[in-house]
Amino acid sequence: MFYLLRKNSLPLLLFLLILRSGLTAQSEFLQLYRQGLVDYQSGYIQGAYHHFREMNKQYPDSVQILHILGQIDFGREQWKKAAGWYDKIASKDSTDLHARYYSAICYRETGKFKALVLRKRDWDRAEKNFLFLIDSLDHFKDTPLQYAILQKYRKNYAEAIELAEKQFSSQKSAQTGILLHRYYASFVHNKGLKIFNEWANKNPGPRTRLYLADAHRLEKDYATADSYYAALLQDSSKTISPVPVYLAYSKSKIEQNQSDSSKYYMVQAIEAID
């Protein structure tokens, strides 16, 4: 999954929040926090959670404790509970970007398991938070990518691709690259050649041409598909990896019963892997 909490990120977040609060090292609050943190770092998550729940009763206005509880539930994929903590933070500070970010992901995930009306409600809440983050700070964490996942859930493939491309252009990563290829493939397989071709004409680029080739291959228009693959491999700009192109070319050849050519492009794909 692309939203999982790293265990070591919690102590850092809490440390920064406590520093911002101005609490002294001798305060009762910080002492109680340290006790809960010991449980957390020891892997006793449930104990830490119980400890911080009790702290929340004692310090109900503490945004720091709400963040802790939200992060623990988020890390355990308890989306509804985590969203509740982040909603409480938002009620105190609507500009808290961390709360907005995690709340958006929580509502995106809770919506997956609900009926149409309730799903729309949760996904609209998620979208509202994603848009707030983009308007506030264009690339807060990986907001465009997380928003792209929501658009994929909604089967808005074009929007998902455009958001993932935005994320990839600012911060290239293997995860984003994998999602990008999935979204292009989903667009082609679910919408077909005609609709994808209309979108591709307005959004030219090497990845677009690769999946336009795939769309032709699915229609068994192998001559057109192969011409796209060959042109991409000859493109000196190398704006996309040749690996997926070789793999697609190999698939096209095997579908045409050209096993030798298929093996050749498969070998080329393996050799092109960094």
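**Close-up 1. Residues around the largest cavity of this predicted model.** The lining of the largest cavity is made up of Pro206, Leu232, Leu233, Asp235, Ser237, Lys238, Thr239, Ile240, Ser241, Pro242 and Val245. Two elements, α12 (222–234) and α13 (242–255), each give two or more residues to this lining. The space inside the largest cavity comes to about 80 Å³, and the structure holds one cavity of 30 Å³ or more. How can such a space be found? Rolling a probe the size of a water molecule over the atoms shows where empty space is left.

**Close-up 2. Helix α8 (residues 143–153), largely enclosed by the rest of the structure.** Nine of the eleven residues in α8 are buried, which is why this helix counts as largely enclosed. After α8 comes Lys155, with a positive phi near 65°.

**Close-up 3. The largest nonpolar core, with its 73 residues.** Look for Phe52, Phe74, Tyr86, Tyr183, Phe196, Leu210 and Tyr229, the members that touch the most other members. Helix α10 (residues 174–202) supplies the largest share of this core, nine residues.

**Close-up 4. Phe196 and its contacts.** Which residues does Phe196 contact, leaving aside its neighbours within four places in sequence? They are Tyr184, Phe187, Val188, Thr208, Tyr211 and Leu212.

Key
Residues numbered from 1 in each chain as written. Predicted model: local features only at pLDDT ≥ 70, side-chain atom pairs only at ≥ 80, totals over all residues. Heavy atoms only, no water. Core = buried A, V, L, I, M, F, W, Y, C linked by side-chain atoms within 4.5 Å. Buried < 20%, exposed > 50% of the residue type's maximum accessible area, 1.4 Å probe, protein only. Helix = DSSP H or I, 4+ residues; strand = E, 2+ residues; numbered from the N terminus. Contact = heavy atoms within 4.5 Å. 1 Å grid on protein atoms, 1.4 Å probe; cavity = no way out; pocket = protein on both sides within 12 Å on 5 of 7 lines; lining within 4 Å. Points joined across faces, edges and corners; volume = space filled by probe spheres on them.
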